[in-house]
Amino acid sequence: MRMKSLLPLALLGAIAVATTARADLVIKITQGVSQPTPIAVVPFAWKGGGSAPVNVANVIGSDLARSGLFAALPVSKMLARPSSGDDVNFTNWKAVNVNDLVVGAVSPASAGGAVRMRFQLFNVYTQKQLLGYQLPVHDGNLRFAAHNAADMIYQKLTGRRGAFATRVAYIRHVKSTGHGRWELIVSDSDGADAQVVVKAPDLLMSPAWSPDGSRIAYVEFENHESHIYVQNVQTGQRKLVLSHPGVNGAPAFSPDGHRLAVALSTDPGNTDIYVLNLVSGKLRQLTHASAIDTEPAWMPDGKSLIFTSDRGGSPQLYRMPARSGADPQRITWNGTYNARASVSPDGKSVALVHRDNGSLRIAVLDLATGNIRELTNGPSDLSPSFAPNGAMVLYTTSAGGNRVLATVSVDGRVREQLSGGAGALSQPAWGPFPQGLAATPSGGGQ
Amino acid sequence: MIGAALREGVHGARANAGPLTLAVLLHVVVGAVLVLSSGVNAANPQDMPGPGEQHQPIQAVVVKNSDYQAAQASIRKAHQARQQQVERLKHQAAQARKERERTQHELDELRKKKESAASEAAQQQKKVQSQKQQLNDLNAQAQQVAHKRQQVQDELKKLKQQAAEAEKQRAAEQAHLKKVRQQTEQAKKAAAQARKEQMQQQMATEQHQQLDKARGNWVAAIRQKVTRSWIRPPDAPSGLDCKVKITQSPDGHVEGAAMQACNGDQAVQQSIITAVYKASPLPTPDDPDVFSRVIVFEFAPDQS
């Protein structure tokens, strides 16, 4: 009896659902806003005595903001400062109009234990935890742990791998007695934690990362002779790989790390592209033009090389097969000066120096269309280098009468100078993703 | 009395003698008569008295003695006989004349009769002719009349036909008229119905339009708020198409959101879910009838 009376109702319900499904009001959203996602990174609680050695929240917020995709809420605007999800009142964060919220805490090394960092990411509107991690801080490098957290947050919210916990290499020229000194420096991607890797009384040039980030190739002048070295970043051991008479320049590791493309010449006015096999030591000449062919850059598949050449009268980018070097094809047709290629990780675009109206700017060439899109305003922006996630480009620019490092997001929306200490900075190279960094989920809002 | 006898004698003579005898006799008589008449002034046939008159001269002659008397008596007797003969002849002649006259008369009569007959016949003929003529005329008239009648009949027939035709036509027209009237009626009815329906429809349409307008305004307001709430990730693939189904409270608070189909990654989906929650409370419609608890948002930035 009861079943009987319920059955029609159930059927009715099914019909109603079906009807609703058909008659759903559909509203099409064809636009969104193009603005940084507002995020609040609440200062992390410091579980130790005194004050925290690193403002982790600030590192994370700065990283995210530098990407151009996030706007970090200033601490002064926060209505509360929870350090755990349990303490979060989402109304406070809706009130300040942020989409996402990061809270966390750092525990100092306990007896025999490492420093630990815990953080949680919440969506303010769904009130759901998106991330919850407890990270061991290697070597007490809390700053790098913060970059790692930023990467995780970035990846969670953008779908793209973050590249904050990466290192960059660049040359610093410090003016002192004589013509000063040169340093090859490796720092965090935000310019912090700068470490001098090579010091030289003479010119240092063209640092280039090996694909695994363990080695850096660079050019060092000794007695006015240029030499190409490959140096282990960790150990500092270096190896001279090329020391031909004349010019030895512009080294670039192949994607497999076994070869080095270089520009060589006995005549500075007629460099050519060569590929040196680092295993066999064999050198193969790829270009033979009576022009300056230099600044080789590998395509991610390692099958072709893009380089700068003035064979057409002005410096332009050309592309040729990495194996034979046959028949290079010009790929830049817009502007009188396009040089210093840095190929994006996906191989779809090339960052370059583009001269426009006498102003040197960082631009991105779309390899499929040939379109060149300027990212910076100049007037003297040089040496672009793609971040390993392709989201930003590192370059040098002039600021306050000095040469500094800067990053620009690939949409050109956010440009930010990096802290880099004194001296003229040049020729930055953004290193690869770190290898095998571990992070363990903390299992929720602990 | 004598006349009667003469007449009788002639008759007898004629009856007793042959025709030749009669003819000779007649001549003799006639000669005698002529002789006598010279002396006696023979009576002019024209002056012959009628049957009642007496001839006097004969009585004036007188005869003497017995011989004489006897002669006389014989002469007298002969005379008397001749007299009688003459008388008889006279009588006979008179008779003949009379006969001739009678014959003539009869002839005349006959002629007259004939003439009369002829005349009569002519008259008859004429009459017949006339009658014939009349007949002809009559015939002609009759013919004419017949013709006329025919004509009239024809005319009549024609008129009848025309009348029939007219009747037919009238009937047809009537039928047509009826049909037209019916059609008109139907059309009127249909028009009225249509008008009614149109009015209903118009009312419905107006209601619809009002509802549509209200819905349109509402949808536009929601779309605007959601659009402003959605920060499109830069890595969102081109051709992004994501449907998120939300339920809202009557005051527009988003109570739940579920991604239905999406070709974007988790970050894109997160951005969309965030957008619909961030847009909460959604604008409410002016007309509660258009409100829908369930809304499907289709995020398709590359479609327009």
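How many of the seven residues of strand β16 (residues 259-265) of chain A are buried? In this predicted model, six of the seven are buried, and the strand is mostly covered.

**Strand pairing**
- β16(A) pairs with strand β15 (residues 247-253) of chain A in the antiparallel sense, over five bridges.
- Within this pairing, V247(A) has S265(A) as its bridge partner in β16(A).
- Five residues separate β15(A) and β16(A) in a hairpin, and G257(A) in the turn adopts a positive phi of about 80°.
- β16(A) also pairs in the antiparallel sense with strand β17 (residues 272-277) of chain A, over six bridges.
- The bridge partner of A261(A) in β17(A) is V275(A).

**Aromatic pairs**
- Nine aromatic pairs are found over all chains in a search of the whole structure.
- Y154(A) and F164(A) form an edge-to-face pair, because their ring centres are 5.4 Å apart and their planes lie at 90°.
- Y154(A) belongs to helix α4 (residues 142-158) of chain A and F164(A) to the loop between α4 and β8 (167-174) of chain A, so the pair ties together parts ten residues apart in sequence.
- F307(A) and Y318(A) are stacked, at 6.0 Å centre to centre with 25° between the planes.
- F307(A) is buried at 0% relative accessibility, and Y318(A) is buried with a relative accessible area of 6%.

**Charges over rings**
- The charged end of R311(A) sits over the ring of Y318(A), 5.4 Å from its centre.
- The charged end of R330(A) sits over the ring of W333(A), 4.2 Å from its centre.

Definitions and conventions:
Residues are numbered from 1 along each chain as its sequence is written. Chains are lettered from A and ligands numbered from 1 in the order in which they are written. This is a predicted model: local features need pLDDT of at least 70, side-chain atom pairs count only at pLDDT 80 or more; totals for chains, interfaces and linings use all residues. Side-chain values use heavy atoms; hydrogens and water are left out. Buried means under 20% relative accessible area, exposed over 50%, partly exposed in between (1.4 Å probe, protein chains only). Helices (H or I, at least four residues) and strands (E, at least two) are DSSP runs, numbered from the N terminus. Two strands pair if DSSP finds at least two bridges between them. Rings of Phe, Tyr and Trp (its six-membered ring) pair if their centres lie within 6.5 Å; planes under 30 degrees apart count as stacked, over 60 as edge-to-face and the rest as tilted. A charge sits over a ring if NZ of Lys or CZ of Arg is within 6 Å of the ring centre and within 35 degrees of the ring normal.
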